[in-house]
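Biologist: I have a model open and want to learn how to read it. Could we start with the strands, then move on to charges and the ligand?

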Amino acid sequence: KEENSPKLWCLEDFEIGKPLGKGKFGRVYLAREKKSKYIVALKVIFKEQLEKYRLQHQLRREMEIQNTLDHSNVLRLFGWFHDADRIFLILEYAHRGELYKLLKKYGHLPEKQAATYIASLTEALAYCHQKHVIHRDIKPENLLLDFEGRLKIADFGWSVQSTSKRRTMCGTLDYLAPEMVENKAHDYAVDNWTLGVLCFEFLYGFPPFEAENQTDTFKRIIKVDLSFPPTPHVSVEAKNLIVRLLVKESSKRLPLPKILEHPWIIKNADPKG
Ligand SMILES: COc1ccc(C(=O)Nc2ccccc2)cc1NC(=O)CCSCc1cnc2[nH]ccc2c1
């Protein structure tokens with residue numbers, strides 16, 4: 001075979017391990033490629049599920065997007081293959097699992113840790129934006145940690161090639177920017193808003209517009225009803241960064257490069273990511 005042709009994988013190339021989680025379209029398993037002994041995550045997607053939700057094109061477009069992304073803070077898609085009724089995605093395995101679980105366990109993160117994750121996220125998003133990819137669905141569940149504790153943006157289930165497409169509302173509104181919950185045209189700046197939400201949640205342990213139900217969350221987001229609980233462990237600089245990201249007017253949100261120059265990031269983020 002020619003050297004640079006992507007290898008055609010098949011299920012027999014892998015030993016399947018424990019389930020890592022289940023998504024809407026199937027499950028994710030720990031797996032090991034037999035020859036190289038390389039550990040991966042194998043995501044199984046049932047074709048009939050895909051057809052039922054008419055997401056074949058979305059998945060295909062996503063595979064194209066994923067193929068062009070190569071950044072240390074973006075979870076890699078190494079390849080994919082299919083059999084009669086399933087599609088298999090060969091994904092990078094993040095050994096330390098979901099950032100979400102770490103947050104639940106510790107309640108909130110120390111400023112240095114939070115700043116390091118925000119800096120990594122900002123770099124990953126700047127990279128995706130220059131590739132014309134808006135993630136739009138960054139929330140702690142979609143953030144994973146590799147064996148060195150480095151952050152990986154993991155789920156691209158809803159990424160689009162920068163067309164402001166309606167997205168079916170699923171799960172929590174907490175991370176959505178006003179223009180998205182108002183269903184207006186949105187652009188890259190939605191990810192800047194989400195960074196502000198995540199920074200708040202890393203430092204306080206809950207998202208800024210949390211409410212009893214979706215309607216109240218919706219109202220709080222639209223109003224940008226932001227208030228900081230009185231606590232000694234969050235610096236003024238951190239609050240300053242959050243306030244400059246959670247801005248209703250999307251063009252006035254702190255741009256990604258400016259986030260990396262913010263005093264709180266400069267002072268607290270670990271450059272090794
Ligand atoms: C680049 O990533 C992805 C790319 C594409 C898709 C996807 O499903 N696309 C889709 C599906 C159907 C219709 C349309 C689009 C999903 C992901 N990512 C994940 O599913 C997150 C877990 S990545 C696995 C993984 C790794 N490491 C871990 N450590 C602990 C748990 C764990 C879990």
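Modeller: Start with one pair. L30 stands opposite A41 in β3. Keep in mind that this is a predicted model.

Biologist: How many bridges join β2 to β3, and do the strands run parallel or antiparallel?

Modeller: Five bridges join β2 to β3. The two strands run antiparallel.

Biologist: How should I picture the side chains along a strand?

Modeller: In a regular strand, side chains alternate between the two faces of the sheet.

Biologist: Which residue takes a positive phi in the hairpin of β2 and β3?

Modeller: K37 does, with phi near 65°. This hairpin has five residues between its strands.

Biologist: What about β1 and β2: how many bridges join them?

Modeller: Six. β1 covers residues 14–22 and β2 covers residues 27–33. They run antiparallel.

Biologist: Now the charges. What is the general idea behind a salt bridge?

Modeller: Side chains of opposite charge can pair when their charged atoms come close. This structure holds 15 salt bridges. One of them joins the side chains of R32 and E15, at 3.1 Å from N to O. R32 lies in strand β2 and E15 in strand β1, so the pair ties together parts that are 17 residues apart in sequence.

Biologist: Give me another pair to check. What is the N to O distance between the side chains of E148 and R150?

Modeller: It is 2.6 Å, in a salt bridge. E148 has a relative accessible area of 45%, so it is partly exposed. R150 is partly exposed too, with 24%.

Biologist: And E261: is it buried or exposed?

Modeller: Exposed, with a relative accessible area of 51%. Its side chain meets that of K258 in a salt bridge, 3.6 Å from N to O. K258 counts as partly exposed, at 44% relative accessibility.

Biologist: Which residues are linked in a network of salt bridges?

Modeller: D83, D85 and R86 are linked in such a network.

Biologist: On to the ligand. How many residues surround it, and which are the closest?

Modeller: There are 21 residues around the ligand. The closest are K43, E62, E92, A94 and A154. Next, read the polar atoms. A polar side-chain atom of K43 lies 2.8 Å from a ligand oxygen. An N or O atom in the side chain of E62 is 2.7 Å from a ligand nitrogen. A154 uses its backbone: an N or O atom there lies 2.7 Å from an oxygen of the ligand.

Biologist: How much of the ligand's accessible area does the protein cover?

Modeller: The protein covers 92% of the 710 Å² that the ligand has on its own.

Biologist: Which elements give two or more residues to the shell around the ligand?

Modeller: β3 (39–46), α2 (56–68) and β5 (86–92). The largest share comes from α2, with four residues.

Terms used
Residues numbered from 1 in each chain as written. Predicted model: local features only at pLDDT ≥ 70, side-chain atom pairs only at ≥ 80, totals over all residues. Heavy atoms only, no water. Near = heavy atom within 4 Å. Polar contact = N/O pair within 3.5 Å; in protein donor to acceptor, adjacent residues only side chain to side chain. Areas by Shrake-Rupley, 256 points an atom, 1.4 Å probe, with all protein chains shown as cover. Pairing = 2+ DSSP bridges. Salt bridge = Lys/Arg side-chain N within 4 Å of Asp/Glu carboxyl O. Buried < 20%, exposed > 50% of the residue type's maximum accessible area, 1.4 Å probe, protein only.
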